[in-house]
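Here are my notes on the side-chain interactions in this model. Please read them with the structure open.

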Amino acid sequence: MSFVRLRRLRRNQQIRDLISQTQLSVKDLIMPYFVIEGRNKRESIASMPGLYHLSVNNLIEDIREAKRLGIKAILLFGVSQKKDGMGLESYRKNGIMQKAIKAIKKNIKDIVIITDVCLCGYTSHGHCGVLKTQDTIIDNDETLKILAKIALSHAEAGVDFVAPSAMMDGQVRAIRETLDRKGFRDVGIIAYSAKYASNFYGPFREALDSCPQFGDRKSYQLDFRNQDEALREIKQDIDEGADIIMVKPALAYLDVIYRAKQNFHIPIACYNVSGEYSLVKIASQEGIFNEKDTVLEILTSFKRAGANLIITYHAKEVARWLKD
Ligand code: PBG
């Protein structure tokens, strides 16, 4: 058996396209957004060139543009100045997320809204859960109650999917039960199931002002030396009612995406996180990478590994490139 002829034939672009196995499409992409209070605000995020904190009216405009480019889904993060020990602002009826969801629903048809459900942007200590009294230990079960309240407040505002990212044990079940009990059976859950304690979240924490004030997140996020426990977490989230599962970050975790795909028959999302974005973006601005070619290679590798959906800050640019 010889592949010499095929290697020669591959000099032809049409033939290369014909035998290509992986197709990246705009429908795979989910664009994340950071929404802030105020009007007409569009503030650049220093650690993530090309991205902005947007007030609701500007967010609507930006989503309209994303939609015109063919993007079908967005992931929302609320940036809050009002922080306290319990993260009370996170589930307020008129909090920034709740207002943004309502405004998007009202003004834009047919865009899938996904919201991040976590406490780290709302707690004064910056952890993803509340702490035991006078302690530095996260209170898992108390946090579950609050995560369920956040998810419910998003559902009441009109969200399509909630995406719990706190990595608390039992968070998918707690949210599913509350949503079902309150009549939101059709709100889906995208579970950040395999979320590693990663250095690649650095730029995001600056964008959300959510750096832990003490300690780190290693007690509740996964250890990057381990693969099996990611599969256990995914299995548990599926059993608890997740509709889509996620691996995060993506680029340094292609093996985890691949194994998830082999083991579970459920849509798999991956999160091309802030650090992965900024590495490529900043190096491209310095002329070290060809941005377009590099980003397309990276995102295609996620699909090759088995991801169905890609959350990426490059989404709008990629959508433009794929149109050309
Ligand atoms: C919240 C959350 C994080 C990200 C998404 N949701 C960060 C963290 O755990 O500190 C990271 C996203 C990114 O880096 O782009 N828990």
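**Notes on side-chain interactions**

1. Start with two phenylalanines: Phe 34 and Phe 77 are both buried, where buried means under 20% relative accessible area, exposed over 50% and partly exposed in between (1.4 Å probe, protein chains only). For Phe 77 the relative accessibility is 3%.

2. Basis of these notes. The model is predicted, so local features need pLDDT of at least 70 and side-chain atom pairs count only at pLDDT 80 or more, while totals for chains, interfaces and linings use all residues. Residues are numbered from 1 along each chain as its sequence is written, and side-chain values use heavy atoms, with hydrogens and water left out.

3. Aromatic pairs. The whole structure holds eight of them. Rings of Phe, Tyr and Trp (its six-membered ring) pair if their centres lie within 6.5 Å; planes under 30 degrees apart are stacked, over 60 edge-to-face, and the rest tilted. Phe 34 and Phe 77 are stacked, because their ring centres are 5.6 Å apart and their planes stand at 25°. This pair links distant parts of the chain: Phe 34 belongs to strand β1 (residues 29–36) and Phe 77 to strand β4 (residues 73–78), 43 residues apart. Helices (H or I, at least four residues) and strands (E, at least two) are DSSP runs, numbered from the N terminus.

4. What does Phe 77 form with Phe 204? The two make an edge-to-face aromatic pair, 5.0 Å centre to centre, with 75° between the planes. Phe 77 is in strand β4 and Phe 204 in helix α7 (residues 202–208), so parts 127 residues apart in sequence are tied together. Phe 204 has 13% relative accessibility and therefore counts as buried.

5. Aromatic cluster. Phe 34, Phe 77 and Phe 204 belong to one cluster that also takes in Tyr 192, Tyr 271, Tyr 277 and Tyr 313.

6. Charges over a ring. Check Tyr 201. Lys 248 lies over its face, 4.6 Å from the ring centre. Lys 195 lies over the face of Tyr 201 as well, at 5.7 Å from the ring centre. The rule asks for NZ of Lys or CZ of Arg within 6 Å of the ring centre and within 35 degrees of the ring normal.

7. Salt bridges. The count is 19, taking a side-chain nitrogen of Lys or Arg within 4 Å of a carboxyl oxygen of Asp or Glu. Glu 142 and Lys 145 form one, at 2.8 Å, N to O. Both sit in helix α5 (residues 140–157), three residues apart, about one turn of the helix. Glu 142 is partly exposed, at 32% relative accessibility.

8. A bridge between helices. Glu 317 and Lys 281 form a salt bridge, with the closest N and O atoms 2.7 Å apart. Glu 317 lies in helix α12 (residues 315–323) and Lys 281 in helix α10 (residues 274–285), 36 residues apart. Glu 317 is partly exposed at 21%, whereas Lys 281 is buried at 7%.

9. Asp 223 bridges to Arg 225, the closest N and O atoms being 2.8 Å apart. Asp 223 is partly exposed at 26%; Arg 225 is exposed at 68%. Salt bridges also link Arg 42, Asp 62, Glu 65, Lys 316 and Arg 320 in a network.

10. Finally, Asn 58. This residue is in helix α3 (residues 56–68). The Asn 58 side chain reaches the backbone oxygen of Lys 41 at 2.9 Å. Beyond neighbours within four places in sequence, Asn 58 contacts Asn 40, Lys 41 and Arg 42, contact meaning heavy atoms within 4.5 Å.

Definitions and conventions. A polar contact is a pair of N or O atoms within 3.5 Å; within protein, one must be able to donate a hydrogen and the other to accept it, and residues adjacent in sequence count only if both atoms are side-chain atoms.
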